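Please keep the sequence and the three-dimensional view side by side while reading.

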Amino acid sequence: MIKQNERLLNIVLLLTDILIIIVSLLISAYLRFFTTMFGPIGGHLSLELYVIFLYLVILPVYLILYFSFGLYKTYRNHKNIFSEASQIIKANIIAFIIIIAVLFIINQPNFSRILILLMVFFTTIFGILERSIVRKKLIDLRKQGKNLKHILIVGDNEMAYNFNRKINENSYLGYSIYGFLGREERVGLEIDGVPIVGAFKDLDALLAKHTFDRVILAIPLKYYKHLNELVTSCENAGIKAEIIPAYTEYFPAKPSVDMIEDIPIINIRYVPLDDPFNNAIKKLEDITVAIIAIIITSPIMLITAIAVKLSSPGPIIFKQERIGYKQNKFNMYKFRSMRVQDPDDEKSGWTTKDDPRKTRVGNFIRKTSIDELPQFFNVLKGEMSVVGPRPERPYFVNQFKKDIPKYMVKHQVRPGLTGWAQVHGCRGNTSIKKRIKYDIEYVENWHLGLDIGIMIKTILKHNPNAY
């Protein structure tokens, strides 16, 4: 029944996507050819030709890409729309490129490129809205105990209990735990409200008597000698066995698997920005935001440069060596906010709240973060990103990597002007361990929406620890 409902949902999504694409084309055609919003109306190809192109090229391209990007999956393990929205954006960008390429190949210079761009914009907006409504409705149904999948957990240990707790704490997932299989002497006991319904030897009987959607094997390493028997029992009953590895303590939030020939290799650190497409989107975001920011803030930077020069002797721009992407060293730019000091002192000295080295102008530009504006040029050089973990000096990196577990993970992405840690108040004299916790969250969970949210929060939120 569940599988039938999910197939029905996929059909509904498919038909809705087709409708959205058609409506988006019609809206785009109206805006382009029946209004002057995007230039003079003038002569244009007939609407019939656009409709023919829609059915022969646009719809097939979109639907193939949507299937390829997994947009017809149930996504029980996603709480929000952000991950699906990013897939829609990726698919639509590629669709635009393919459609433009097709027009070039068939030599159609009179086909409106503005119309195609508008259509991609509308399909993106409507597609994200459609998926948001559908996913919200599914989550509400699952919280009400409908559209549930039933799970049997083979395991009687903390790993199995923790999995059960995660399922119970997140009702949006739509799973119901039937029970545990465990040690014979513990049969009948309840763990967090879920009974131990039998011993390991009862697996075949239970699978014959009940229909489970998933069987989860959560057994300690010492019982792995029985793993093949358990998997065989599941397969004989026509159910795929799924394993929670006994070494999950070493895994990140989202482990990924690579294949070398037929050998699977588990990556214990999932970094979305390792994906070439994500990386390209990130670079485009950085260049766009940096250029716009430099243009908008150029009057502020000019005034600041004059004020710094007049306030005390020394250079306007302060350059300091930092550790960046893949542990490469680079010079980070700032407006000089302190009196010129010995270079050796700069390497290991922290800035304090009432630091006597700060000039009057320096005190103001540090509190308002104006001193950071030259780092947009670091972004254009490719040494930094607009959003990312803050870079640190080599002296402190060498200290922290010895004392703080996973400190060096932050260097798997480019450092940023602002970041997930900074919008949570982790700046200045705050816990390094707490900063790294947020930095790792960012590294493992990057998406375009997260960057946009961080930039908005950075603009709106004053950080009391900035000094």
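**A walk through the predicted model**

K201 has a relative accessible area of 58% and is therefore classed as exposed. The model in which this residue is seen is a predicted one, and the values that follow should be read with that in mind. The side chain of K201 meets that of D202 in a salt bridge, with 3.5 Å from N to O. D202 itself counts as partly exposed, because its relative accessibility is 26%, and the range for that class lies between the 20% limit for buried residues and the 50% limit for exposed ones.

What order do the strands take in the open sheet of six strands? The order is β3-β4-β2-β1-β5-β6, and the pairing is mixed. The strands β3 and β6 (241-243) stand at the edges, each with a single partner strand, so one side of each has no neighbour in the sheet. Strands of a sheet pair through backbone hydrogen bonds, and they may do so in a parallel or an antiparallel sense.

Both senses can be followed strand by strand here. Strand β1 (residues 149-154) pairs with β2 in the parallel sense over six bridges, and the bridge partner of V154 in β2 is L181. Strand β2 (residues 175-182) is also paired in the parallel sense with strand β4 (residues 194-199), in this case over three bridges, and L181 stands opposite G198 in β4. Strand β3 (residues 190-191), by contrast, pairs with β4 in the antiparallel sense over two bridges, with E190 standing opposite P195 in β4. The hairpin of β3 and β4 has two residues between the strands, and in this hairpin D192 takes a positive phi near 55°.

Helices accompany this sheet. Helix α5 (residues 158-169) lies across β1, β2, β3, β4 and β5 (214-217), and runs at about 165° to β2. Helix α7 (residues 227-236) also packs on the sheet, where it touches β1, β5 and β6, and its direction makes about 180° with that of β5.

A further helix pair is formed by helix α2 (residues 47-68) and α3, whose axes come within 9 Å and cross at roughly 145°. The crossing in which α2 passes α3 is right-handed. On the α2 side the contact is made by F53, V57, I58, V61, Y62, L65 and Y66, while α3 contributes I88, A91, N92, I94, A95, I98, I99, V102 and L103.

Which residue of the chain meets E84 in a salt bridge? The partner is R131, and the two side chains come to 3.3 Å, N to O. E84 lies in helix α3 (residues 82-105) and R131 in helix α4 (residues 113-143), so this pair ties together parts that are 47 residues apart in sequence. Both E84 and R131 are buried, and they belong to a network of salt bridges that also links D17 and E130. Elsewhere, K282 forms a salt bridge with D451, with 2.7 Å between the closest N and O atoms. This pair links distant parts of the chain, as K282 is in helix α8 (residues 276-311) and D451 in helix α15 (residues 448-460), 169 residues apart. K282 and D451 are both buried.

Two single residues complete the tour. S337 is found in the loop between β10 (329-335) and α9 (343-348), and it counts as buried because its relative accessibility is 5%. Setting aside residues up to four places away in sequence, S337 touches R357, K358, T359, G362, I365 and R366, and its side chain makes a polar contact of 3.0 Å with the side chain of R366. The C-alpha atoms of S337 and I317, which are 20 residues apart along the chain, are separated by 9.1 Å.

I27, in helix α1 (residues 2-33), is partly exposed, with a relative accessible area of 28%. With residues up to four places away in sequence left out, I27 touches F122 and F126. I27 and L118 are 91 residues apart in sequence, and their C-alpha atoms are 8.5 Å apart in space.

Terms used
Residues numbered from 1 in each chain as written. Predicted model: local features only at pLDDT ≥ 70, side-chain atom pairs only at ≥ 80, totals over all residues. Heavy atoms only, no water. Pairing = 2+ DSSP bridges. Helix = DSSP H or I, 4+ residues; strand = E, 2+ residues; numbered from the N terminus. Buried < 20%, exposed > 50% of the residue type's maximum accessible area, 1.4 Å probe, protein only. Contact = heavy atoms within 4.5 Å. Polar contact = N/O pair within 3.5 Å; in protein donor to acceptor, adjacent residues only side chain to side chain. Axes fitted to C-alpha atoms, helices over the stretch in contact; angles between N-to-C directions. Salt bridge = Lys/Arg side-chain N within 4 Å of Asp/Glu carboxyl O. Left-handed = near helix turned anticlockwise from the far one by under 90°.
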